[in-house]
Amino acid sequence: NDVSSVPGALLPMEGTPNTAMPFDIQRVLLVEDDWLVAGATRDQLTTWGLEVLHVETASEALEQAAFGDLAICDVRLPHAASGLDLALTLREQGQKVLLISGETHAPLREAAARHRLPLLIKPVSGAQLLGALQRL
């Protein structure tokens, strides 16, 4: 079962060293309801020396909002919750935020740009995720 062939999966970064990367980020709140995507993302982040707390819903994310330096939010969450709205709320509380989505439609890209929220489209490569973290 090759993860790179699964829609929405995080593609592993070739030749990624198992060492901590130079980030201002130490702890990541990962808000993702797809366990395959969450597992691959968590594995990549921990490879870079980051501590990751994974939650599946917006309500769980708000309960854990104090965790971490960064929240990575899937745009489409269970119970019709909006990852965009969640990201804006978390940012108001002082979190750095990064959106991820399998959706590619223009209104989402425009909304992310309007709110100055970085958006990565699934499948996200390790290199794309690394670049986004470095830009934060």
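In this predicted model, strand 1 (27–31) and strand 3 (70–74) pair in the parallel sense over 4 bridges, where strands are DSSP runs of E of at least two residues and helices are runs of H or I of at least four, both numbered from the N terminus, and where two strands count as paired if DSSP finds at least two bridges between them. Within this pairing, Leu29 stands opposite Ala71 in strand 3. The two strands belong to an open sheet of 5 strands in the order 2-1-3-4-5, with parallel pairing, whose edges are strand 2 (51–55) and strand 5 (119–121), each pairing on one side only. Neighbouring strands of this sheet are turned by 20° against each other on average, direction ignored. Helix 1 (residues 35–47) packs on the sheet, touching strand 1, strand 2 and strand 3, and its direction makes about 170° with that of strand 2; axes are lines fitted to C-alpha atoms, for helices over the stretch in contact, and angles run from 0 to 180 degrees between N-to-C directions. Residues are numbered from 1 along each chain as its sequence is written. Local features need pLDDT of at least 70 and side-chain atom pairs count only at pLDDT 80 or more, while totals for chains, interfaces and linings use all residues, and side-chain values use heavy atoms, with hydrogens and water left out.

The largest nonpolar core has 22 residues, and those with the most contacts inside it include Leu29, Val31, Cys73 and Leu86; such a core is a set of buried Ala, Val, Leu, Ile, Met, Phe, Trp, Tyr and Cys residues joined through side-chain atoms within 4.5 Å, buried meaning under 20% relative accessible area, exposed over 50% and partly exposed in between (1.4 Å probe, protein chains only). Helix 3 gives the most to this core, with 5 residues. Apart from this core lies another, of 19 residues, among them Phe23, Trp48, Ile72 and Leu98. In helix 5 (residues 126–135), Gly126, Leu129, Leu130, Gly131, Ala132 and Leu133 are buried, and their cover includes helix 1, strand 3, strand 4 and strand 5.

Most residues other than glycine have a negative phi, and most peptide bonds are trans. The peptide bond from Lys122 to Pro123 is cis, with omega near -5°, and Pro123 lies in the loop between strand 5 and helix 5. In the loop between strand 3 and helix 3, His79 has a positive phi near 65° and counts as exposed at 73% relative accessibility.

Methods. Contact means heavy atoms within 4.5 Å.
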